[in-house]
Amino acid sequence: MGGPARDGSNDPVASQAAVERAVADLLKALGLSAATEPELAQTPARVADLYREAFSGLDPANHPDLATFPHAGQGELVVVRDLEFHSLCVHHMVPFFGRALVAYLPGDTLVGISAAARLLEVYSRRPQLQERMGQQIADHLDRLIRPKGVAVIVEARHLCMEMRGIRKRGLVETRAVRGELADPRWAPLLALHPER
Ligand SMILES: [Zn+2]
C-alpha cells in the first residue's frame, strides 16, 4: 500500500477500475454490448465487485488474528463440522462450493472455535484448488498451535465439471489428515456425514 504502482496494481481503486475495463473488453470480445443489451451496462462494475469479494482472502489485511490459549491436560479432539464455503477454481474461475470439517488434537495450545471458519474464509476467497485449500488450512493450524494431529476434510461440487466438459454432477472429497489423526481409529469422528 502507498508505494508507487505504475500499473495501479497496488492501489485498490485503480485495480478495481482495471478489472472493470478488462471485463468490458471481455464482453466486447464475446460480441456482447450494452448498446444491444442494456442489462450489460453495469456488468463490468458488478463483476469487479464480485471478484474483489471472492478474492478478498488474497489481501493480508483480511487475514484474521487468531487467538490461542494454553492448554493443560489430556487433549480432546476438537471437531468443527458442516462449515460452508464458496470458492472459484483456479483453472476455470467458476465456483466450487460445499462444506468442510476441520479437526485437531491439541498439544499444549488451543485456538478459538471460530478459527476453522475464519481460515476457511481466507483460503476459499481466492482462486483455488480444493486439494490445496485443505492442505493450506492444515498447514496454518500446524504452524499456529502445533497440534498432535490435524484433519481438514472438504466435500464440494465443481461447476467446471458440471457445466462444461463432462457435464456431470458429483461430489469431490479431499482429505488432509496428519499426525495422530491419521490413525484409523479416529476415522469415524472425521466423517463429513457421521451416522446419526
Ligand atoms: Zn476448474
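Which handedness does the crossing of H3 and H4 have? The crossing of H3 and H4 is right-handed, where a crossing counts as right-handed if the near helix is turned clockwise from the far one by less than a right angle, and as left-handed if anticlockwise. The model is predicted, so that local features need pLDDT of at least 70 and side-chain atom pairs count only at pLDDT 80 or more, whereas totals for chains, interfaces and linings use all residues. Residues are numbered from 1 along each chain as its sequence is written, and side-chain values use heavy atoms, with hydrogens and water left out.

**Overall architecture**

- The protein has five helices and seven strands, helices (H or I, at least four residues) and strands (E, at least two) being DSSP runs numbered from the N terminus.
- From the N terminus on, these elements follow the order α-α-β-β-β-β-α-β-α-β-α-β.
- Domain 1 covers 12-54 and domain 2 covers 68-190, with bounds that come from an automatic or database domain assignment, and their C-alpha centres are 33 Å apart.
- Along the principal axes, the C-alpha atoms fill a box of roughly 65 × 45 × 20 Å.
- Of the 196 residues, 35% are buried, where buried means under 20% relative accessible area, exposed over 50% and partly exposed in between (1.4 Å probe, protein chains only).

**Packing of H3 and H4**

- Helix H3 (residues 115-124) packs against helix H4 (residues 130-145) at an angle of about 130°, with their axes 10 Å apart; axes are lines fitted to C-alpha atoms, for helices over the stretch in contact, and angles run from 0 to 180 degrees between N-to-C directions.
- H3 and H4 are therefore oblique to each other, since angles under 35 degrees count as roughly parallel, over 145 as roughly antiparallel, 65 to 115 as roughly perpendicular and the rest as oblique.
- The contact (heavy atoms within 4.5 Å) involves Leu119, Leu120, Tyr123 and Ser124 of H3, together with Met133, Gln136, Ile137, His140, Leu141 and Arg143 of H4.

**Zinc site**

- Cys89 (SG), His92 (ND1) and Cys160 (SG) are the protein donors of the zinc ion, at 2.2 to 2.3 Å from it; donors are N, O and S atoms within 2.8 Å of the metal (3.2 Å for Na, K and Ca), and sites may look incomplete because water is not among the atoms.
- His92, in the loop between strand E2 (78-89) and strand E3 (95-105), and Cys160, in helix H5 (residues 159-162), are 68 residues apart and link distant parts of the chain.
- His92 is partly exposed at a relative accessible area of 34%, whereas Cys160 is buried at 12%.
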